[in-house]
Structures are given as C-alpha cells and as structure tokens.
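Visitor: Could you take me through how the strands and helices of this model are arranged?

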Amino acid sequence: MPAVRPALLLLALAALAPATVRAQAPLSLVNDRTTVSSISFDGLGPLLEDNVREVIATTEPQVSVIGKITGFAASLLGRGDENVYPFSPVELAKDAVRVRRYYAESGFPRASVGYDVQLDTSDNAVDVTFLIERGPPLVLDEVTFAGPGQTPVTAQLPPSLRDDWEDYTQSIRLRSGTRLDQSSLADLQRQTTSWFANRGYAFAYAGAERFADSTGLRADVRVKVDAGPRARIGDVRLEPIGGPLSVSDRVVLRELPFESGDLYDASELIEGQRQIFGLGLFQLALVNLAEGQPRDSTVDVVVQVRQGDVRSVTGYAGYATEGGVTGRGQFTHRNFFGGARTLTPALVWRTGLGGETVGANPATAISDFQATLTLQQPYVFDRRLSATVSGLYRQRNDRVERSNQVEASTALLFTRNTLQTASLTATVNSRTLLDSRVSGFGLLSEDVLVSDSTSLMSRVASLELGGTYGVVDDPLAPRRGFVLRPSAAVAGGPVGGLSFGRGRLSATALYPFTDRVGLVVRATGGVLAPYGDTEVGDIRDYLLLRDRLFYAGGTNDVRGWGEGLLGPKVFDFDLARIDSAEIAATYTGVGGRGKASASVQLNLPLPIGPQWGANVFVDAGQVFAPAGALDGLFTPAAFYDPGEPVPPGVPGALDDVLALYRDEGGVRVGAGAGLQYLTPVGFISVALGVKLNPSYFDRRPAESGPALLLAAGLAGLSPDDLDTDAGLAEAQRVFDQNGFLNASDEPFDVEEALAPSFFSRLQFHLSLGQTF
C-alpha cells in the first residue's frame with residue numbers, strides 16, 4: 001500500500017491544479033517524507049509578499065534572517081533542521097485557490113494562480129513558485145451616499161454641517177478610477193462613521209456595498225448612512241483597574257478635553273486617552289463610551305486606568321573611545337507631592353577611564369560629568385499647558401577646554417497634539433573656563449593658555465521660543481506628512497559680554513509612492529548673530545560660544561561627513577606630541593555663525609521581511625562665516641620661541657596653508673545608501689556616506705594637516721612646493737632630521753600623509769530611533 005501513496009498524491013495534484021501549472025521536474029519520487037525547501041512568488045504586483053504568505057498553509061524553513069543565521073550555525077555543527085516543513089500536493093493546490101481568492105478580494109477579479117514545483121532528489125525537497133497572473137483590476141466608478149429609505153444624507157444633518165458633508169463627499173469622489181478592494185470598502189465605512197462620530201453622532205452607522213457592471217471590471221459603491229441622534233456628554237466617571245490610585249479623580253479627569261454637557265466628539269476620547277497616558281503614571285489608559293446605554297441624545301463616558309509604579313530607578317553603563325567608561329543613572333518619582341508631578345534627578349558621567357587623553361598625561365583623560373534635576377508640572381491652568389523647572393551642574397574636560405557650568409531654566413510647553421507644540425524657555429547660565437587647550441587643536445603657543453579663570457567667565461540669560469508643527473500618519477514610523485521645527489532665542493549678560501540672537505528652522509516632508517516606497521526630504525537652516533561687544537572671531541568669545549554655533553555633518557545631517565566635520569576644521573593634537581617627535585591627530589570642527597543643509601532620501605523595501613528597509617540618499621550642506629579667529633591660530637610664534645629669528649619664507653608658507661582652510665567652506669555634497677530595521681522603539685539604521693566634492697583636508701587623513709604646518713614652519717614650504725618631488729624630498733629630509741614619528745612610532749612618511757585617500761571619502765553611521 002505505501003508504494004501506491006505517491007501515485008495518489010500526483011493524481012490529486014493533477015486534479016486540483018489550475019491550467020497554468022508549468023511543466024515540472026519529474027515528481028514520481030515525491031513521497032510523504034518530501035519537504036519544502038523554499039517558496040517564492042512570480043507576478044505579485046502591488047500586493048505585499050508577506051500578506052500573500054499569510055493566506056497559504058504551505059511553509060518553508062528559515063524565512064527570517066535570524067532563522068537563516070541559526071540554520072547556518074546548525075549546519076556548521078552538523079545538525080539538520082529539526083523543524084519539518086512537509087510538502088503536500090493537495091495543500092499546495094488549495095493554497096493556489098486561497099491566493100486567487102485573496103487577489104479577487106484585493107481588486108483583481110480575473111486573477112489566476114498556478115505553481116511550479118522543482119524537486120531536488122538529493123535532499124528530497126521541493127522549491128515552490130506560485131505563478132500569479134493578476135489580470136485587469138476592478139476599478140471604482142462612482143460613490144453615492146444615502147440615508148434610510150434612500151433619503152438624502154443631508155436630511156439627517158443640521159444646516160451648519162451640510163457644507164462640511166459636501167466637502168467630505170467630494171473628497172471621496174476623487175477616488176474614482178482607483179482599484180477597489182475589500183480593504184478600501186472597509187476604509188470607506190470607517191471614515192464615514194468617523195466623520196459622523198466626530199460631530200456628535202455617537203451611534204452613527206455606515207455600510208458600503210459594491211455593484212459591478214457586466215464586465216466585472218468597474219463597480220459603483222453605495223454607502224448607506226444612519227446617523228442616529230446627535231448626542232452630548234452625560235456622566236464621566238473614573239474606574240481604576242487593579243486597585244486604588246495615588247492621585248485624585250480630579251487629577252485624571254482634568255486631562256480630558258471634554259466635560260459633561262459638551263457635544264460628543266470621538267476624536268476627543270482618543271485625545272483624552274493620549275493625555276492621560278502622557279502623565280507617565282499609568283500602565284493602561286482607556287476612554288470609551290459606557291456599555292449598554294440607550295441610543296439617545298446623551299452618552300456616558302468611562303475612563304479606565306491602571307496605575308504603574310510611582311517610583312523607578314534606571315541606569316546603564318557603556319564604553320566609548322573618547323569618553324571611556326560611561327554611566328547613567330536616573331531616579332523618577334511620577335507623583336511628587338501629588339498632582340502627578342514628575343521629579344527626575346539624573347547623573348551622566350563619561351568617566352574617561354580607559355579612554356583617550358588630551359596630550360600625554362593620563363590625568364587629562366577626556367571626561368564629562370553632568371547632574372540634572374527636573375520637576376515637571378503636567379497641568380498649568382489648562383490640560384494642554386505644562387511647566388518644567390530644571391537645574392544643571394556640569395564639569396567638562398574635553399579636547400578644547402576644562403570648564404564648570406551651572407544652569408537653571410524654566411519652560412512652559414503648550415501641547416495641542418503629538419507633533420503640534422510650542423514652548424517658551426528662560427535660562428540663566430554661568431560658565432567658567434578653568435583651562436583652554438586651544439594649542440591642542442589650533443597650534444597656538446603655550447602663552448595663550450587661560451591662566452586667569454575670571455577672564456573667561458560668562459553669565460548669560462536667554463529667552464527661547466520654539467515649536468513643532470507636524471501632520472504625519474504615524475508618529476513612530478511616519479510615511480506621509482511633514483514636520484516643521486522653528487526656534488528663536490535672544491541672550492545677553494553683563495559678565496563676559498556675551499550677547500547674541502540665534503534662529504533655527506528644520507523641515508521634513510514625507511511622501512509615499514507605494515506601500516513600501518517613499519521619499520523623505522529634509523532641510524535645516526540657522527544663524528547666530530552676535531551683537532554688542534560679542535565677537536565670535538575673538539578666541540575668548542569663541543570658546544565661550546562654541547556650543548551655540550552651528551555644525552554640519554553626522555548621522556542626522558550630511559552623512560558623507562562625521563559629526564561636525566563638514567566645513568572649517570582644525571587639527572586635534574597636542575603640542576606635547578610634537579615635542580616628543582610624534583604626530584597623531586584627528587579633525588575637530590570649528591563651527592560657524594550660520595548653516596544650511598538639505599537631504600533627499602528614497603526609502604525602499606527589502607524582500608527579507610516587512611520590518612526591513614533600504615534607502616539611498618543625497619545630502620548637501622554648508623557652514624557659513626567660519627567661527628573663531630582662524631587667521632590668528634597659525635603664526636610663526638607657534639613654532640619658535642619669542643625673539644628667535646624666523647627663517648625667510650615661513651610666513652608666506654603659513655599663509656598658503658591658511659588659504660586651504662578658507663577653501664573648506666562652500667557647499668559640500670555627499671551620497672550613499674543604508675539599511676534600516678523597525679523595532680518597537682523606532683528604526684535601527686546603518687548607512688554609508690560618500691563625499692562627492694570633498695575639500696583638500698576631507699580627502700586626506702588628519703595627519704596631513706600637522707604635516708603641512710610642520711613643513712611650512714620648519715622648512716618654509718608651501719602646499720604648492722609639496723606637490724613637487726623636490727618639495728616632498730626636502731620636507732622628508734627635515735622630518736627625518738628632527739626624528740618625527742607617526743602614531744605607530746614609525747618614521748613619518750610625508751608623501752603618504754599628504755596623499756589623498758579613498759577611505760577618507762567614506763563615513764559610516766549607526767543610529768537608533770526615527771528622526772524626522
């Protein structure tokens with residue numbers, strides 16, 4: 001009897017398969033141990049492969065990236081796939097019918113579906129390909145609306161709503177000519193019901209029917225609407241879930257945008273739910289109509305909440321090359337002195353342990369300690385207005401400075417919607433530079449290091465107005481819409497003489513071409529305008545203002561460049577290394593008084609899963625009016641002791657080097673591609689950017705800068721001289737004579753340092769979370 005079973009399977013396959021089955025490999029060896037190796041689809045069209053897979057019963061192994069990795073690891077260990085994916089010809093034929101029905105429901109009434117089965121006799125496994133011929137789509141012709149008994153819908157509406165109803169129906173009629181499927185019918189019913197529910201009709205009902213013509217390829221849709229009575233809010237009550245609350249009912253209910261007697265609006269129930277959940281005090285927040293109430297002109301609302309932990313402690317530790325061991329700790333009290341106030345003290349410390357140092361002294365390890373205390377009041381006269389008071393203490397020790405900072409600020413935040421906010425922030429900031437390492441990144445002489453801390457102390461009061469205005473389809477993973485983020489600030493202070501205005505605007509627009517292909521366009525611009533005695537070109541004002549300047553380049557900017565490295569930059573190395581005949585350097589962005597950048601990105605799907613995507617992009621940016629007294633950063637005094645004669649030709653050579661710095665400006669363009677994976681907290685993205693029109697220093701490693709300066713300082717050679725064999729040989733002789741080494745303690749190769757590098761054009765980026 002077992003020998004007959006393969007023949008029976010083949011007979012079933014032949015009996016049930018559609019006429020479009022292609023000629024296949026001999027299947028006489030198919031038996032009850034045959035498995036499925038892979039499943040693919042030919043002719044999917046506009047439908048998503050993942051959705052089509054959900055309607056079939058036949059499965060394949062290792063359909064996910066993780067599955068493929070684990071399967072490969074199992075094969076290396078000599079283990080087979082423990083899961084069984086049996087091949088059933090009968091089930092395959094049924095799958096073809098299921099797929100055809102799915103295409104019919106999706107607006108392709110004449111779709112036909114077959115399959116191609118290829119048998120690998122060595123593994124006793126088959127590769128299955130579904131062959132889909134969609135045929136012409138079912139097209140929407142006309143949409144009509146009618147009330148009970150075919151009465152006009154406007155008969156159920158007051159005169160004040162009839163114009164709005166006409167606008168709505170006109171927008172629906174614009175869909176004429178599009179593909180009509182079951183989901184679009186359901187969407188039409190939902191949108192129509194929501195239109196009424198958002199205007200007081202709590203019991204509105206809308207049902208849609210389609211009527212195809214004789215060809216079966218065009219259809220009219222009739223929407224029947226029963227608006228029911230227009231209702232007002234009756235009783236509003238709070239029902240805690242899982243025990244009593246630590247706040248009063250009033251604290252919760254005041255977050256609702258409605259009260260008893262207001263006209264019912266379903267969108268306000270959703271907004272109230274968002275507002276309550278936004279307090280951060282509840283694990284669950286639901287705002288719904290009470291069940292079992294009669295269909296009349298009054299509706300009761302029930303608010304259900306489950307409270308989470310009032311207190312929480314979070315922390316993490318990590319490591320970064322620049323800051324060494326890094327830690328963060330935070331305590332949160334979500335009901336401080338009642339009223340759902342949130343108190344959050346937090347510590348962030350880049351300890352510098354195991355990280356880079358400034359110069360050769362381990363005591364100068366780069367570190368940054370910040371302590372903040374924040375108190376948030378969620379309700380200030382109105383549910384949409386909240387207040388925050390915060391304080392900051394910071395000890396900073398980086399490549400440019402060692403400083404202390406104390407800051408206090410208060411902010412009012414008006415929230416209309418998730419991406420529709422306005423804020424007003426007042427800040428008082430006191431900053432003291434204890435030590436400036438300008439010589440470490442700008443080759444100033446040791447004499448200009450800050451010795452009198454009071455001379456570099458700044459107290460600044462600022463007032464900033466900011467906002468966000470956006471309309472997107474999904475705040476977590478938006479595909480359609482736009483977001484604008486403007487801000488403007490003015491600051492001044494009696495000590496330190498820092499007075500300036502600062503404005504910034506960023507804009508993002510998203511447009512989908514298909515379900516998984518879309519365009520993202522970003523643009524950012526800003527300007528810093530000093531006034532009074534403040535002058536960014538003065539090195540002291542520059543040091544105090546450098547956090548307020550504009551920088552370009554980085555993961556969320558022009559991706560061909562590293563963070564802040566597009567435009568003017570200087571060399572980050574310590575004179576102590578020059579004194580020890582070692583040259584090791586990185587670039588440090590100087591920043592500027594203005595900035596403009598833009599990006600165009602095309603998002604594309606990947607066939608390995610719906611959470612995966614790819615993108616290609618083109619970015620451009622420019623930093624305007626370079627900050628800092630660049631011309632004063634390079635003088636013969638940086639290389640020679642006071643009173644020592646300067647060799648002829650050295651000042652002119654240094655001027656030529658400075659000319660290269662001035663050429664760092666201008667519009668820079670980068671392009672590249674990336675991958676992204678959608679997680680519950682946003683996108684994890686990796687990208688590789690390429691500089692398309694890099695500057696002189698963009699094309700070279702950072703050691704090329706010190707090499708140029710040392711050649712100019714020690715040998716009086718200009719960049720043009722170093723383009724010749726004779727100039728390179730002279731520079732190499734001087735370097736060898738002085739015993740200069742690179743970071744690997746090898747003799748310094750001037751030609752290699754000054755030669756363009758392809759890898760200098762590349763920049764890798766990793767980011768977590770959607771930025772828009």
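Visitor: In which sense do β2 and β3 pair, parallel or antiparallel?
Guide: This is a predicted model in which local features need pLDDT of at least 70, side-chain atom pairs count only at pLDDT 80 or more, and totals for chains, interfaces and linings use all residues. Residues are numbered from 1 along each chain as its sequence is written, and side-chain values use heavy atoms, with hydrogens and water left out. Strands (DSSP runs of E, at least two residues) are numbered from the N terminus, and two of them pair if DSSP finds at least two bridges between them. Between β2 and β3 (residues 125-133) there are nine bridges, and the sense is antiparallel.

Visitor: What is the strand order of the open sheet?
Guide: The edge strands, each pairing on one side only, are β1 (35-42) and β2 (112-120). The open sheet has three strands with mixed pairing, in the order β1-β3-β2.

Visitor: At what angle to β2 does helix α4 run?
Guide: Angles run from 0 to 180 degrees between N-to-C directions, with axes fitted to C-alpha atoms, for helices over the stretch in contact; contact means heavy atoms within 4.5 Å. Helix α4 (residues 89-105; a helix is a DSSP run of H or I, at least four residues) lies across β2 and β3, and its angle to β2 is about 145 degrees.

Visitor: How are α13 and α14 oriented to each other?
Guide: Helix α13 (residues 704-715) packs against helix α14 (residues 725-738) with axes 10 Å apart, at an angle of about 85 degrees. Because 65 to 115 degrees counts as roughly perpendicular, α13 is to α14 roughly perpendicular.

Technical notes
Parallel < 35°, antiparallel > 145°, perpendicular 65-115°, else oblique.
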